[in-house]
Every structure is written in structure tokens, then in C-alpha cells.
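Visitor: Hi, I have a structure open and I'm new to it. Could you walk me through it?
Guide: Happy to! Let's bring it up and start.

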Amino acid sequence: MEKLHLEYYLVVSIIMFFAGIYGFITRRNLLAILISIELILNSVDINFALFNRFLFPGQLEGFFFTLFAIGVSACETAVAIAIIINIYRNIRNIQVKNLEQLKD
Amino acid sequence: MEYTFIIVLLPFLSFLFLGLAGKKLAPRVAGYVGTAVLAISAALSYLAAWQYFTTAKVGGVFKPWSMDFRWLNFTKDLHIDLGMLIDPIAVMMLVVITTVSLMVHLYSIGYMHGERGFQRYYAFLSLFTFSMLGLVVATNIFQMYIFWELVGVSSYLLIGFYYTKPEAVAASKKAFIVTRFADLGFLVGILLLSFYTGTFSFERLTSGDASLFNEAGGVTFMGCSVIGWALALIFIGGAGKSAMFPLHVWLPDAMEGPTPVSALIHAATMVVAGVYLVARLFPVYYLEAPDVLVLIAIVGAVTSLYAAVVACVQTDIKRVLAFSTISQIGFMMVGLGVSGLEGHEGLGYMASMFHLFTHAMFKALLFLGAGAIIHAVHSNEMGHMGGLRKYLPVTRFTFLIACLAIAGIPPFSGFFSKDEILAATFHFSPLLGAVMSFTAGLTAFYMFRLYYRIFWNKETRHDHAPHEAPRSMTIPLVFLAFVTLVAGPIPFGKFVTSDRAEYLIHLDWTVAGASVAIALVAIALATLLYRKESAIPDRLATSFKGLYTAAYKRFYLDELYLFVTKKIIFNGISRPIAWFDRHVVDGTMNGFATLSQRVSCAIRGFQSGQVQQYVMVILLGTLFITVLVLFI
Amino acid sequence: MNFLSLFVLIPVLMMGGLFLAKNLKQIRLVATAGASLLLALAVGLVVAYLGERAAGNHEEMLFAAKCLWYAPLNIYYAVGVDGISVAMLLLSAIIVFTGVFASWKMEFLEKEFFLWFCLLATGVFGFFISLDLFTMFMYYEIALIPMYLLIGVWGSGRKEYSAMKLTLMLMAGSALLLLGILGIYFLSGESSMNLLELAKAHIPTQAQYWIFPLVFVGFGVLGALFPFHTWSPDGHASAPTAVSMLHAGVLMKLGGYGCFRVAIYLMPEAANHLAWIFIILTGISVIYGAYSAIVQTDLKYINAYSSVSHCGLVLFAILMLNQTAMNGAILQMLSHGLMTALFFALIGMIYGRTHTRDIRELGGLMKIMPFLGVCYVIAGLASLGLPGLSGFVAEMTVFVGAFQHTDTFHRVFTILACTSIVITAVYILRVVGKILYGPVTDKHYLALTDANWYERTSTVVLILAIAGIGLAPLWLSDMINGSLLPIIQHVKL
């Protein structure tokens, strides 16, 4: 199997990254925003793994960091979802535009 | 002569004592204390007068005596001193003030008996006496100004003595503000005069030293010399206190005060302060600004005629007396205005001072008599009087004496003094003399109108028969009547003259005869119209309705003043300024605040708290910078 | 340790004492003791000062001391007094003393109130003893800040708005001032903040032209210079009694004193050339404040506008740049301080009883509370310049001084300023006539009581001071005159 070029992977991760960004900016639903954040994170994870694989084949830091990031993001998602659930319990809604009570 | 200091100081101590401890004293005690202190002052004044007039003459001229101490420094030359200047007019004024004040103090024990604030009344009377005495012994023009203001305030306090009566409050306010306005002129005059002469001292100003005025020699303003302006402004101050037309509006209203106060302040003493001021500065007026003296004579004549006309139709007896006072002060001013300085030319000055003296006595008598009448019938209106001659014999005879004196019938004191003023006026200008003679006739007419309407005419019915006043009130009446009877032949020219040398009085019999004749005709007319109840006065009033109403309304001057103060100053200036302050000045400041709030709101828009918006901005910013870095 | 520093130290110690105080009684004890101590100290200072001068000490500043505070910027803690600051210290001590008695009955948070009050006093005293521009500015700020809380928390009416407005406007002023001070610091070529050293150095004339307006306006805001005076009516109206007293009585004097000490003293050329602009503004203040006061209906507004008029006269006199007028300016500061404090104290007492300050609702109070009525009349008479009370002495000195200029411009404005004495009479008598005289307007008032002992203490002390200056002004005027000489020599080009 011919080795795929780095660029192909990068294209995927860029698409993922910007899809995440786009989603983060445009979505009004907290869950969708959270999903977008995951997309961004994962695209970065891919990049870590890629660059480790292509540029420093003998080393493992990139992979470790990816694993670490996945772990952190799992925690983060847990916290975020807990917050979202609480918000939902309080105001029966998870649209960002309604969350302005902490302002002013 | 050092003891003269005590004359002035005693009433002040009495004021402090009565003012601070008054509440703890029984009213009667307060009255006695006040009266006793004044009696001491009066006795000392008589002593001072006797001593001064017998010993101070050096080479045919009275030498002034003075002492003073530094009170406040302004510049190298200008400083206020407080002190005593004893010279003939000051001594005369000391005698007049302490005498009248003593009489008023005594009289008030009976008149004010049982009034609320009796102690306060005596405290104010003492304060007034102190200020007035301080004014007449002033060694310099600034000391005079100081006491001038104090006199104004004590007058304010006394007019407003019945402070729960709105009319009294309004009258006191009016009196203070009108005279204060005039004092502004006085102050600016003092500032001008002292700036150019470098001194406040009367002795230096009146020394006849022309070099004092050299500095101002060339300075003119609107065609008149600056010293002339200064003296005219100072005269405005005098005109305010002395109720000269058109600054007289406060005096009739001031009759809201207790009647003895009117006798003391608004008849005998304070209102002649303006005359005294001009007399004090007379050499300066005569030498530096003779034009201003002519102005003074004209103002005096106009005032005198105006007030006499108005007095003929007033029905409140105190107002009649008030206008009569204004008219008589006009006479004094005319006397000063037409006078010369040296020797025989100084007739007007001497006559004016003499009239001041006699007028103080008989006008105080008239007011105190009016007080006794008011005390008996509890009203100021002529309509409520009439036929009182049976009930008030003492009051009636003393009142009659005063009326004869003011009408200028010999041998009462008013005849001598008024006649000399008329003689001096005729000497100055026959036209002015004629006006003044006519005014003298009017005086006789309205005084006897007053006399008949009170004591004769139709008897009004009273709930209980009016009774004669108590002893403490009649003694002053009798005393003052006695003075009025005997003061005429005093050789006044020996004591008080313009150049402090002796002046021999000899009556000008043509003038005297004519004025007596005029007075007698006027009295006869008044007798005809008012002795018995008659319909003629009413008919006259209807046939000259316009003139009558105008005179009754005092030629609408009060309305004019009201218009100026209410409409122009209050609504025309102050309200717009206050509005301007709240809306424009403050509006601008608030505008700044609103503006910065708007700006900060706009800036806050960025800090929306919307993470998505932040990300958007970050993204765009990154792109922008990337583009910048890559392509530029 | 110089004994002048006690003026700052005592209020600080008072604050410590207040922290420890457990109940209202102790709070009052600490406040009264401290204020009395300050008053005694101020009187002692006057005596010591006059003694030194009589002994022939001709130093410009007496009891001077300094120690290095921040070396890199050459900032010293420098203190010293001349006749003018002695007079101002005496004024401040009297007002702090009477202010304590005027706030005897606070409604709530007494401890905190007195704490801020002491901080304010610290700033005021520190300002008057400082000879170093930096510490002067620092104390100035210390005096301003507590005002915000004192009005905002203990005030009445639209207190938040007023507190905010007052603080912001004064802060804007002190921003200008800071710029000016920095300008002086860097452009004088001395790199010094010491007033005396700066006065010897010459600030380039060009620089003076922009620094002078900054400093003058900066201090002028506090001195109620038209058109920057609008904080004053609102601020005074909302402030609690003692704060109004201290503010109008002393704090507004910081402005006048600052204009005089910093703006005129350090920048004589600019003062001479630019005076006309500010003479116009202050002339307007004098007349404008008086006319505005005529139509006000709230007692405090009337006095606030009256303060604008009187403080305008202070700045007006300073700008006349001659000895007599400046002497008058200082006297006017003292006199205005005392009588406004008296006015505000009395208004506070009347308001505390009737719960209204609207003159249309008040009436006939003289009959119900004669003591307060008489005091009010005395305050009014002092304000309209009755001889024998302090106002007369001050105003006459100002007018005579201002009249020494012969040109038409000065003459016109002097005469205009003179007319204010008539207008003052109008509004004072209007108020007195409406609220004290006449029939009693509300029968509830009949049950009201006259002054208590602490209210009497407060008013009597002020009246004694007013009458004292009014009856025997010579020593005070001479004390000030002596200290004006160096400044006058400086200003005369």
C-alpha cells in the first residue's frame, strides 16, 4: 500500500477544524457548540498524531499528548454536560442567547 | 472729653445684657434697665454738650476733639479707625438722639406693656441707640458706613418686631432692601472718594485742603469730575436712609413697627442720618462739587412737595406722619443744598441743622401722641377716631403744640427753623423758595386736617370709652411739648454753623410774615373743612378724582417698585438664570456624563459575554493579521 | 517629629480609636476628644505663630520640617505654615469640632460615618500644612474620596446621583491639576516638588501659559468656579449636615487656597496676563450665584448658590493680585467657611425637626424655636455683610483692594461684584422672612423643640468665631498681611 501523503490527512483535519469553528460560531444550541468544540479538539489530536508519525517516527510524545488530550476532553465534556443539564433544569432551555442572567 | 466714649458704649452693653439675659428678666425689669442706661447716656450727653460749648471755642471757632484706634488695615493709606469725633453737630446729634431715645424708652414701658418679646424690644432699642450714636460720632466715613449698616439692621429688626404679622415682615424686608440698595451707592462712593484722596478721615477730608483732591483733578467720567460722582453716590446712600424721592417707598411701610419705634427711628433720628451725612461732608460738597449740592436741593424740594401732597389724602394717621417726615427731611436737604460755607452764606446749613433739632422733638412728640391715640382706640384709621378731645386731654394739647410747631406758627420752635430754611432758599432762588413756601402751606393744611379728624369732627362710637394713656406715656409727651415750646428762641447760630464760627440769627421779617400768613390760611382752610363733619372734602375728592386717587396711591411708586422687583428682578432675571443653570450649565455637565455613558455602552457591546462572538472576532483578527503578514 | 504633623496624626489616631470603640458612647467620646484636641492644637498654633512673629522670626514658613519620602522622584514630606495656613487650619479645626457636634445623632452606621469623617479631616489638615506639591495633591485626593461615601451612604434625596456627580467633577478637576503639577515638576528645571524651591526657580513663561489655566481650573472646580460649579448645589443638598458643613466650610477653601498657593505663587507672569479671563468667570460666579439663589426654594440650594457667589468673590479677589484684595480673599474664605458651616448646621437642625427644607412649607419657626431662629438670623446677617460679623470685614477688604485697579475693566467688575451685597440681602431676607417670621404654617410644628445642648454648642462656637472676627479683625488681618508679602513681591513683575 502506497504511503498516503501528509497533505491528505491535513486536509481532513483542516476541514474538521473549520467545521468545528463554523459550528462553534453559528450554533445556538449548547450541545451543538460542545460538539463543535470536540471537532476542533479532535482535529488537533489528528494533527498531533500525524506530525509525530511523519516527522519524528521514532518518538511517541505526539501520541501521548493526543491520548492525554482525549482524556482531558472527556473530562471537559463531562463537566460541560453537567453544566448544560443544570442550565436546562433551571431555565428549561439550552439556547445560548437565553443565558444572559450573569451579565449586567 | 474721654467720657463721651461711655455715652456710646452704654447702650451696647445694655443690648448685650438684655439680648443675652433678657429671657430670665421680668419684662418690667428689662424696661427699667434699658431706660436707666439711656438716662445715664442722656445725662452724659448733656454734660458733654455743656462742657464742649463752653470750653472748646478757640479764637471764635469750635475746635473738634477726637480719639480713635485702628480697627482694620486695608492699604498703606487706607485703614478703618473706630473712634469719637466731637464737634458741634456731633454734640447736637448726641443730645437729640439720647433725648428722644430716652423719651421713647420711657414711653414704651407703658405702650408696650404686656407685649410678647418685651425684653427683645428693649434690646433692639438699645442696639439702635448704640448704632445711631456710633454713627454720629464717627471719625471717618468708613466708621459711619459701619454704623450706617448697623442702624439699618436695627431698624429692620424693629420694624419687623411683630414678626408674626406678614405686613410687618414685608415692610421690614422692603425697608432693608431699599436702603441697602442706596447703601451700594454709598459704598461705591466711599471707595471712589477714598481711592483718590487716600483717606477716610472726616477731619482730613473737610479740612479744606485742596491738595487731597489733586490726584482726581483730571479724572472725569461722563463729563463730571470723579469726585463729583463719588459725592453724588454718597448722597444716594444718604437719600436712601433719609427717604428722599424716589427711594422713600420704604418709610410709609415702616409704620408697621411699634409706634414708639416709628417715633425714634422713622421720625427723629435714623431718617436724618442722610442729612447728617451731607452736613458732615458739607465742606467737601461745597468746595469740590457744588453741582451736587444743587442736585441735593432739587431732590429735597421735589421730595418735600411730593410727600406733602400725598400726606394730604392719607387716612392712616401714622402714614400721614410718615409722609410729613419725608417732607420735612426734604426741607432739611434743601437747606443744605442752598447753603454756602463761610459766614453769612452758611444760613442754610445752620437752619437745616436747627430744623433737624426742632423737627426731631416735635415729630417724636407727634408720633408718641399718635401712639397714645392708637393705644386708646386700637386703630390707625382716621375713620375710627374723631371727637377724641374729651377723652385724651393731655395728648390733645401736646399734639396741638406739635402741629402748630410743624405748621410754622410763632413762637413754637418749628417756626424759627423752617423760616430760616425758607429765607436761605429765597436767597438762593426765588422759584425754589416759592415751591418750599407752598409746601410749608400744605404742611400746615395736612397737619390740621389730621388734628381735626382725630380730635374734632364726627365722634365715632367706641365699645368702651377711650382713656388717657398711663403716666409713663404722658410724661414724655409733656416733656417733648415743653422742649418744642421753648426751643425756638435758642441762639442756635452760636453753636452749630457751617464754619463752626458764630452766626448771628436775625429773622427776615418779609419771609417770616409771608410764611406765617400762608400757614394761617392753610390752617383756616383745614378748620373749615374738617373741624365739623362736612361733605366738602368728599365732594372735592370726587371732583378731582384722578389726582385724589393718584395721591392716595402715592402716585403709584410702590406699584412701580413691585413691578421692578417682582417682574424684572425675580421673574425677568433670576428665574432665567436659575433655569440656565439647571438646564444649560448643568445640562452640559450631565451631557458629558450621558455622552460617556453612551460611548461606554457602545464599547461594552464588544464585551457581550457571547463566546461565539469572541471567537468570531479572534478568527477575523487572526485572518486579518495573517493577510497583513503575508501580503504586505 | 514636627508638631505640625500632629494635625494629621490626631485624625489618624481618632480613626484607630473609632475602630476600637464598642458603642455609640465611646464613638462620641473619641470623636469629641479628638476634635477638641485639634481645636486646642489650632488655637495653640495661632498663639505660637504670633509669638514667633512677635519675636522677630521672618522666615517665610515657620515650624518647617521635611524628610525624604521617595528619593527617585525627589518627593519630600515637607510641612510648614505661614499666617495664611494658620488661619485655614484654625478654620478647619473649628469646623471639624462643630461638625462632630452637629452629627451627634446619626441614624445608622455611626462608626463608619466618623471613620470617613476623620479621613476627610486628615486630608484637609494635611493639605494645609504641606509644602510639597506631591503630598499636597495626595491629601487633596484623600479629602475628596470620603466625600463620595459620606454623601452616597448617609445623604438624602438623590444622593447617589449627587455623590457621583460631585466626585466625578472634582476628579476631573484633579486630573487637570495633576497634569499641571507634572508640568511644573518637569518644566521648572528643578525636578523638585517643594513649593518654596519652585517659587525661586522660574518656570518658562511659555509653559506657564498652559500650566496656569490647568492648575487654576483644577483647583477652581473645587472653588466653585463658573461654569464648573454645578456639583455644588446637588452635592450640598444631598449631603448630611456635618458633611455639608465640612465641605462648604473647608473643602471649598482648598480650591481657593490651592489657586492662591500654587497657581498664582508659582506662575506670576501667566497670572498677570491671564487674570482677565478668570476675572470674567469669577465675576459671573459672584452675580450669577446670587441671582440664582433668589428663586430657589430648597434651603440647601439657596446656600449652595450663595456659596457659589461668595466663593466666586474669593477667587475674584485672588485674581486682583494685590495685597489688600488677597488679604480680603483669605478673610472671605474664613468668613464664608464659618457662616456657611453655621447655615448648614442650622438647616440640618431645622430639617431634622420639620423634615422639609422647602421654604414654601416652612413658616413662623421663630416662635417655635427661638434659639435656632436667632442663630439663623445671625448667620443671615453675617452672610449679607453686617458690620460686627465676619462677612463685612472680608467683603470690604476685597472691595477696597479690587478698587485699587484704575482701569475700566477692573472697575466695572468690581462694581458688579459690589452689587452682589444687595442681591445677597434680597435672598437672605426672603428666606428669613418666609421660614422664621409670619404665622406658623403647620400646626405639627408647634410641638417641635428648640435646640439641644450639643446643637447649641455647635452653633454657639461658630457664632463666637464669626463675631470674633467681625469685632476684632485687626490681628487676623495683620497676620495674613505679613504672610502675603513674599507672594506679592513675587507676583509684582
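Visitor: So, what share of the residues of chain B count as buried?
Guide: Of its 632 residues, 55% count as buried. Keep in mind that this is a predicted model.

Visitor: And how far does the C-alpha trace of chain B span along its principal axes?
Guide: The trace spans about 120 × 65 × 55 Å.

Visitor: How many helices and strands does chain B have?
Guide: Chain B has 24 helices and six strands.

Visitor: What about contacts in chain B between residues at least 6 apart in sequence: what percentage join residues at least 24 apart?
Guide: That would be 79% of those contacts.

Visitor: Let's zoom in on a helix. Is α10 of chain B mostly covered or mostly open?
Guide: Mostly covered: α10(B) runs over residues 259–268, and ten of its ten residues are buried. Among them are Thr259(B), Pro260(B), His266(B) and Ala268(B).

Visitor: Which helices do those buried residues pack against?
Guide: They pack against several helices of chain B, including α3 (88–111), α5 (141–159) and α15 (347–377). The list also has α4 (118–136), α9 (250–253) and α14 (317–337).

Visitor: Switching to strands, how many bridges join β3 and β4 of chain B?
Guide: Eight bridges join them, and the two strands run antiparallel. β3(B) covers residues 65–73 and β4(B) covers residues 79–86. A hairpin links the pair through five residues.

Visitor: Which residue in β4(B) stands opposite Ser66(B)?
Guide: Leu85(B) stands opposite Ser66(B).

Visitor: And in chain C, how do β1 and β2 run, parallel or antiparallel?
Guide: Antiparallel, with six bridges joining β1(C), residues 62–70, to β2(C), residues 75–81. As for one pairing, Ala65(C) has Val79(C) as its bridge partner in β2(C).

Visitor: How many residues lie between those two strands in the hairpin?
Guide: Four residues lie between β1(C) and β2(C). In the turn, Asn74(C) has a positive phi of about 65 degrees.

Visitor: Now the chains together. Which pair of touching chains has the most contacts?
Guide: Chains B and C have the most contacts among the two pairs that touch.

Visitor: How many residues of chain B are in contact with chain A?
Guide: Six residues of chain B are in contact with five residues of chain A. On the chain B side there are three nonpolar, three polar and no charged residues.

Visitor: How far apart are the nearest C-alpha atoms of chains A and C?
Guide: They are 19 Å apart, and those two chains do not touch.

Technical notes:
Residues are numbered from 1 along each chain as its sequence is written. Chains are lettered from A and ligands numbered from 1 in the order in which they are written. This is a predicted model: local features need pLDDT of at least 70, side-chain atom pairs count only at pLDDT 80 or more; totals for chains, interfaces and linings use all residues. A residue is buried if 20 or more other C-beta atoms lie within 10 Å of its own, exposed if 12 or fewer, and partly exposed in between; C-beta atoms are placed from the backbone. Two residues are in contact if their C-beta atoms, placed from the backbone, lie within 7 Å. Ala, Val, Leu, Ile, Met, Phe, Trp, Tyr, Cys and Pro count as nonpolar, Asp, Glu, Lys and Arg as charged, and the others, Gly among them, as polar. Two strands pair if DSSP finds at least two bridges between them.
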